[in-house]
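Colleague: Could we go through this model together? I would like to begin with the ligand and then turn to the strands.

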Amino acid sequence: MEDRRPCPRLYRQLDEYCRSDVYPFHMPGHKRRMDVGFTAEFPNPYSIDLTEIDGFDNLHHAEGILRESMDWAASVYGAGRTYYLVNGSTCGVLAAICAAVPRGGTILMARNCHKSAYHAASLNELNIRYIYPQIAEEFGLQGGLLPQDIEEMLISADETSDPPAAVFITSPTYDGVVSDVRGIAGVCRRYSVPLIVDEAHGAHFPFGEMFPASALEMGADIVIQSLHKTLPAFTQTALLHVRADSGLIDTGRLEYYLQVFQTSSPSYVLMAGIERCIEYMADKRRGEMQRFAARLADLRGRLRRMERLRLLDRDMIGKAGVYDLDISKLVVSTRYAAGRMSGSELAEILRRSYHLEMEMCGADYVTAITTLMDSREGLARLEAALLEIDGKLSSGPAKADSAVPAPAASASAALPRSQTVLPIYEAQSRPVRAIPFEEAAGCISGEYVYLYPPGTPVVVPGELLTEEIIGLIRLYRERRLPIQGLCDHTAAAIRVLI
Ligand SMILES: Cc1ncc(COP(=O)(O)O)c(C=O)c1O
C-alpha cells in the first residue's frame with residue numbers, strides 16, 4: 001500500500017475540462033447542457049440508480065415496465081420491435097449480425113463499416129463479401145453505396161453454394177453521407193435477404209423533415225441508432241429497431257444475442273435516459289428540430305463564403321452515390337487550401353486558438369457534430385473561427401486555383417480493394433510475428449489497421465498487405481492521424497502471419 005501510485009483523478013480532470021470554455025462539436029449529443037430541454041429536471045443519476053428489483057422488470061426478460069417502455073418506443077418509431085441498448089450501437093451491430101447470419105455463413109458487407117461489424121463476423125466465423133462505397137473525390141470522402149452494386153453481388157452470389165444471409169451497410173457515414181437505402185432495401189427484398197442498416201449517426205433522422213428519412217422508413221429490416229451521438233442522451237445509449245413487416249428476422253435469436261452482448265446489469269439511469277430522450281424528441285420534433293435546422297441553414301449559408309476551406313453541402317447529392325446528406329454534420333475540407341493545411345492541422349488550430357473541439361479529422365477534412373442542443377453562441381464561435389482561418393489562408397502567398405482540389409490527398413477516403421487470403425477468424429487463430437511496416441508488403445496481416453474515428457479498417461486480419469496499403473498507413477502516420485488496431489501503438493510495426 002505504501003508505494004501505491006497517486007490517483008490521476010479522472011473525475012477532477014473531467015470536471016475542470018467541462019467547466020472550461022472549450023466548446024464541444026462532438027458527441028454526446030446533449031452537449032452537457034443543463035439549461036435547456038429536460039436535462040435540468042432529470043433526476044441526479046445516483047438517486048435513480050437501481051437494479052432489477054420487484055416492479056422494475058429485467059431488460060433480458062422484459063415483461064413489465066421495460067417491455068411497456070420499449071413497446072411505446074416502437075410505436076413512436078413505427079417499428080415492429082424496439083430494443084433499448086446500453087452498450088452502444090456496438091452491441092446492436094454485434095447482435096444483429098450474429099442473429100441474421102448463421103455461424104460459418106456469408107454476409108455481404110459494406111467495406112466502410114464500423115469495426116463492430118467486423119468483430120461480429122469474426123466471432124461467428126463468417127465469410128465476408130465486400131461492397132465498396134463510391135469516392136467523392138473533390139472532398140476526399142467516402143460517398144454512398146449503389147443499389148446496383150449490391151444487386152450485382154447478389155446475382156453472382158445466387159449461383160454459389162453459399163449466398164449471403166444478410167446485407168449490412170452503414171448509412172449515414174460518419175460524415176453524414178446517406179445511401180439510397182430504399183433502393184438497396186428493394187434489391188434485398190427481391191432476393192429475400194434481410195437488410196441491416198447501421199444508422200448509428202442518424203438517430204435524429206426520424207424527428208425532422210430537414211434531415212434524411214430514416215432507414216426504417218426506407219424499408220430496412222433492422223436499424224441500429226446511437227442516441228448518444230446526435231440526440232440529448234447519455235453516452236452508450238442506443239436503439240435497435242426491427243421493421244414490423246420484415247418476416248426475415250428471427251426475434252428470438254436476436255434477443256438471445258442481445259443478452260450475449262449486453263451487460264447483465266443494464267443501467268436504469270441509461271434506460272431512463274433513453275426513454276426520456278425519445279419522449280422529448282417525440283414531443284418536440286416540430287419546434288425544436290425546425291429551429292435547429294433553420295440555424296444550420298443560416299450557418300451553412302454564411303460558411304459558403306469561405307474560399308480555401310470548403311463545406312460539404314447538399315450540392316453533393318446525386319454525385320458519388322450520395323443520395324442524401326445530413327446537414328447537421330459540418331464537414332470542412334482543407335483540400336482547396338493549396339496544400340497549406342491538413343485536416344489534423346485545422347483541428348489543432350480550432351482546438352488551440354479557438355477552444356473548439358471537433359469530433360474527428362481525416363487527412364484533409366474535419367467533422368463537427370452539431371445537435372439541437374447546440375447553443376447559438378457555440379455555432380457562432382465555429383462560424384467566426386472558420387471564416388477567420390479561411391481569411392488567413394486566402395490572403396497567404398501560395399494562391400492556387402481554389403476550384404482545384406489538392407491532388408492525392410484523399411487518403412482518408414481511399415479504401416484499397418481488399419485481397420482476402422483467409423477469413424478473419426482463421427487468421428486470428430494463426431501464429432504471428434511483428435515486423436516493421438516497411439517490410440510487410442506481400443505478407444498476410446494478423447491485425448486490423450484503422451483510423452479511429454471512424455473505425456473503418458484499411459486492412460483486416462487475413463488480408464494481403466500491399467504497397468498501396470503500406471503507403472496509406474505511412475501517410476496516416478505523417479499526418480498524425482489516429483491509427484488504431486495494432487499491438488504496436490506507435491504504428492511502426494505490424495503483426496503478420498508466419
Ligand atoms: C458507423 C458507426 N457504427 C457504430 C458505431 C458504434 O457506436 P457506439 O459508440 O454507440 O457503440 C460507431 C461509433 O462511432 C459508428 O461510427
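Predicted model: local features only at pLDDT ≥ 70, side-chain atom pairs only at ≥ 80, totals over all residues.

Colleague: How many residues surround the ligand, and which are the closest?

Modeller: The ligand is surrounded by 16 residues, counted where the C-beta atom, placed from the backbone, lies within 6 Å of the molecule. Gly 88, Ser 89, Thr 90, His 114 and Ala 200 are the closest.

Colleague: Which helix gives the largest share of that shell?

Modeller: Helix α3 (residues 88–100) does, with 4 residues. Helices here are DSSP runs of H or I with at least four residues, strands are runs of E with at least two, and both are numbered from the N terminus.

Colleague: Which domains supply at least three residues each?

Modeller: Domain 1 (45–284) and domain 3 (416–497) each do so; the bounds come from an automatic or database domain assignment.

Colleague: Changing topic: in what order do the strands of the open sheet run?

Modeller: The order of the 4 strands is β12-β14-β17-β16, with antiparallel pairing. Two strands pair if DSSP finds at least two bridges between them. β12 (310–311) and β16 (360–362) each have a single partner strand, so one side of each lacks a neighbour in the sheet.

Colleague: What are the partners of β14?

Modeller: Strand β14 (residues 329–333) pairs with β12 over 2 bridges, and with strand β17 (residues 365–369) over 5 bridges. Ser 333 of β14 stands opposite Arg 310 and also opposite Tyr 365 in β17. Val 332 is the bridge partner of Leu 311.

Colleague: Is β14 buried or exposed, and which way do its residues point?

Modeller: In β14, 5 of its 5 residues are buried, that is, 20 or more other C-beta atoms, placed from the backbone, lie within 10 Å of their own. Lys 329, Val 331 and Ser 333 point one way, and Leu 330 and Val 332 the other.

Colleague: Lastly, what pairs with β19?

Modeller: Strand β19 (residues 449–451) pairs with strand β20 (residues 456–459) in the antiparallel sense over 3 bridges. Leu 451 stands opposite Thr 456. The hairpin has 4 residues between the strands, and Gly 455 takes a positive phi near 85 degrees.

Conventions. Residues numbered from 1 in each chain as written. Buried ≥ 20, exposed ≤ 12 C-beta atoms within 10 Å, placed from the backbone.
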